[in-house]
Amino acid sequence: MLRHLIALVAGPAIAFAVAAPAHATVPVPPTPPGAATTVVAPRTLMSQVVTMTNRQRWAHGCRRLTVDRELTVASVRQSLYMARTGVFSHVWRDGTTFVRRSHLAGYEQPSGENIAWGYRTAREVVDAWMASPRHRANMLNCGAKSIGAGVVYAANGVPYYTQVFGWD
């Protein structure tokens, strides 16, 4: 299933960037009563998040990030874990961190991770990360060179987002 999901969401290479420390979280805005809950395909959201993040980087003097397949695998795994378990954390119950997940996916030098849940659009999640000092710092870390993004919907329709950044 994960291999199929990655094939669906990885798509062609896209430029993008964003990340955060293990203890940082982003608050989820409440969905207004009667609000439309249009479901956007994970691949589309991932692409939009990458594009919007790279626009923020460019506007703040950083180079655009390139999408890395291994970081995408690590990102999708993190989003899948959160969507399946309902556990919103950078650290899995077994102690696995974004560094370990990146290594298991074949990427040796990860630099950070951002996670979020519940945002219905890429604009909402990128704006929330930019409003959070630690997430913003990850996004605008000009030393990062690569990115992976993952979006997975939980059974109840709530989207879980992950971005993992890398040094090379």
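Author: Happy to! A residue is called buried when its relative accessible area is under 20%, exposed when that area is over 50%, and partly exposed in between, using a 1.4 Å probe and protein chains only. Please keep in mind that the model is predicted, so local features need pLDDT of at least 70 and side-chain atom pairs count only at pLDDT 80 or more, while totals for chains, interfaces and linings use all residues. Numbering starts from 1 along each chain as its sequence is written, and side-chain values use heavy atoms, with hydrogens and water left out.

The protein has 6 helices and 4 strands, where helices (H or I, at least four residues) and strands (E, at least two) are DSSP runs numbered from the N terminus. Their order from the N terminus is α-α-β-α-α-β-α-α-β-β. Taking a contact as heavy atoms within 4.5 Å, 77% of the contacts between residues at least 6 apart in sequence join residues at least 24 apart.

Let us start with the covalent link. A disulfide, counted when two cysteine sulfur atoms lie within 2.5 Å, occurs 1 time in the structure. Its partners are Cys-62 and Cys-142, with an S to S distance of 1.9 Å. The link is left-handed, with -70° about the S-S bond. Is each end buried or partly exposed? Cys-62 is buried, because its relative accessible area is 4%, whereas Cys-142 reaches 41% and is therefore partly exposed.

Next come the salt bridges, that is, a side-chain nitrogen of Lys or Arg within 4 Å of a carboxyl oxygen of Asp or Glu. Searching the whole structure gives 2 of them. One joins the side chains of Arg-101 and Glu-113, at 3.0 Å from N to O. This pair links distant parts of the chain, since Arg-101 sits in helix 4 (residues 98-104) and Glu-113 in strand 2 (residues 110-117), 12 residues apart. Arg-101 is buried, because its relative accessible area is 2%, and Glu-113 is buried at 0%.

The other salt bridge pairs Arg-123 with Asp-127, whose closest N and O atoms are 3.4 Å apart. Here both residues lie in helix 5 (residues 122-131), 4 residues apart, or about one turn of the helix. Arg-123 has a relative accessible area of 38%, so this residue is partly exposed; Asp-127, at 39%, is also partly exposed.

Now for the aromatic rings. Rings of Phe, Tyr and Trp (its six-membered ring) pair if their centres lie within 6.5 Å; planes under 30 degrees apart are stacked, over 60 edge-to-face, and the rest tilted. The structure has 3 such pairs. In one of them, the ring centres of Tyr-81 and Trp-92 are 4.4 Å apart and the planes stand at 20°, so the pair is stacked. Tyr-81 lies in helix 3 (residues 69-85) and Trp-92 in the loop between helix 3 and helix 4, so this pair ties together parts 11 residues apart in sequence. Both Tyr-81 and Trp-92 are buried.

Another stacked pair is Trp-117 with Tyr-160, because the centres are 6.1 Å apart and the planes are at 20°. These two connect distant parts of the chain, with Trp-117 in strand 2 and Tyr-160 in strand 4 (residues 159-166), 43 residues apart. Trp-117 is partly exposed at 30% relative accessibility, while Tyr-160 is buried at 8%. Together with Phe-88, Trp-117 and Tyr-160 make up one aromatic cluster.

Finally, there is a charge over a ring, which calls for NZ of Lys or CZ of Arg within 6 Å of the ring centre and within 35 degrees of the ring normal. The charged end of Arg-64 sits over the ring of Trp-58, 5.3 Å from the centre of that ring.
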